[in-house]
Amino acid sequence: MPQEQPADNTQPSNQVGAEPAAVRVRGLTKRYGEQIAVAGIDLELPAGQFIGLVGPNGAGKTTTLSMITGLLRPDAGTVEIGGHDVWRDPVEVKARIGVLPEGLRMFERLSGRELLTYTGRLRGLPGEEVDKRATQLLDVLDLAGSQNKLVIDYSTGMRKKIGLAAALLHNPEVLFLDEPFEGVDPISAQTIRGVLERYTRSGATVVFSSHVMELVESLCDWVAVIAKGRIRAHGPLAEVRGDAPSLQNAFLELVGAGRRLAGQGQNLDWLGGGAR
Ligand SMILES: Nc1ncnc2c1ncn2[C@@H]1O[C@H](COP(=O)(O)OP(=O)(O)OP(=O)(O)O)[C@@H](O)[C@H]1O
């Protein structure tokens with residue numbers, strides 16, 4: 001199982017092994033007061049892959065993704081997407097990426113269709129093209145019947161889907177999704193999954209965060225495991241899983257949770273059995 005190594009300076013700067021890097025992160029750091037949320041992350045994410053950023057609650061996934069996508073200013077470190085620095089060249093970068101953050105705030109008083117029209121025009125797409133793409137996305141994501149409903153009246157799953165449609169409308173090179181399947185029913189999850197698989201098959205890159213290992217294992221080609229603000233392992237899924245029976249087992253071992261879980265239970269000897 002590949003553990004985190006110092007950066008290999010012998011590789012060309014835009015390569016991850018044989019693959020070109022879609023995203024290059026160097027020394028990324030964020031503190032909140034005394035708390036170090038992200039502790040100097042180095043990472044090169046290969047292009048054209050379905051990439052999972054996995055870690056336990058509080059590991060630093062959202063903080064990392066927010067800094068990579070230009071939503072949160074790092075204390076230190078750099079991020080390059082498609083060769084452009086996220087903080088020095090934000091317009092170039094934002095044209096190349098789509099983002100579906102956790103708890104995305106949307107314009108709730110627009111209908112789903114209006115939200116896509118507005119997003120498309122902000123992205124500088126011609127009106128006719130926006131209409132065409134919006135119609136297709138609404139159709140594929142099974143939102144055509146709700147396109148005239150206000151976003152405020154959408155369910156959690158519908159909100160994720162309209163957020164995904166808005167993030168895909170300008171056909172970004174890299175799509176970042178923070179917990180895209182959280183609160184989504186299996187049918188909607190399958191729909192989202194189908195759209196994302198089609199998108200990566202065309203050479204685009206998806207980076208998504210999750211703590212649901214089965215999902216990451218079934219979807220991702222490449223994973224990075226994060227715990228306590230540090231990358232514990234990264235690489236192709238099979239390499240990170242190694243000899244472990246599942247990614248879940250490899251993950252528990254990597255984040256040191258196996259021993260903690262084994263000792264659990266003895267403090268709850270009063271629980272169960274109906275005794276008071
Ligand atoms: N705005 C903030 N102010 C203070 N501390 C924060 C803030 N945002 C995050 N943190 C802390 O930084 C650490 C990393 O949080 P982050 O939300 O990035 O983790 P996460 O891996 O996305 O977790 P989860 O899976 O639970 O969403 C946590 O300890 C969290 O308490």
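This is a predicted model: local features need pLDDT of at least 70, side-chain atom pairs count only at pLDDT 80 or more; totals for chains, interfaces and linings use all residues.
Residues are numbered from 1 along each chain as its sequence is written. Local features need pLDDT of at least 70, side-chain atom pairs count only at pLDDT 80 or more, totals for chains, interfaces and linings use all residues, and side-chain values use heavy atoms, with hydrogens and water left out.

Visitor: What volume does the largest cavity have?
Guide: A cavity is a set of points, on a 1 Å grid over the protein atoms alone, where a 1.4 Å probe fits but cannot get out. Points are joined across faces, edges and corners, and a volume is the space filled by probe spheres set on them. One cavity reaches 30 Å³ or more. The volume of the largest cavity is about 40 Å³.

Visitor: Which element gives the most to the lining of the largest cavity?
Guide: Lining residues have an atom within 4 Å of a cavity point; here they include Ile51, Gly52 and Leu53. Elements are DSSP runs numbered from the N terminus: helices (H or I, at least four residues) and strands (E, at least two). Two or more lining residues come from each of β3 (35-46), β4 (50-54) and α1 (61-68). The most, three residues, come from β4.

Visitor: How many residues of that lining are nonpolar?
Guide: Ala, Val, Leu, Ile, Met, Phe, Trp, Tyr, Cys and Pro count as nonpolar; Asp, Glu, Lys and Arg as charged; the others, Gly among them, as polar. The lining has no charged residue and one polar. The nonpolar count is eight.

Visitor: Is Thr69 buried or exposed?
Guide: Thr69 sits in the loop between α1 and β5 (76-81). Leaving aside neighbours within four places in sequence, its contacts (heavy atoms within 4.5 Å) are Val86, Lys94, Ile97, Val99 and Phe176. Buried means under 20% relative accessible area, exposed over 50%, partly exposed in between (1.4 Å probe, protein chains only). At 3%, Thr69 is therefore buried.

Visitor: What is the relative accessible area of Asn171?
Guide: Asn171 lies in the loop between α5 (156-168) and β8 (174-178). Its phi is near 50°, positive in a residue other than glycine. Asn171 is exposed, at 56%.

Methods. On a 1 Å grid over the protein atoms alone, a cavity is a set of points where a 1.4 Å probe fits but cannot get out, and a pocket is an open set with protein on both sides within 12 Å along at least five of seven lines; lining residues have an atom within 4 Å of a point.
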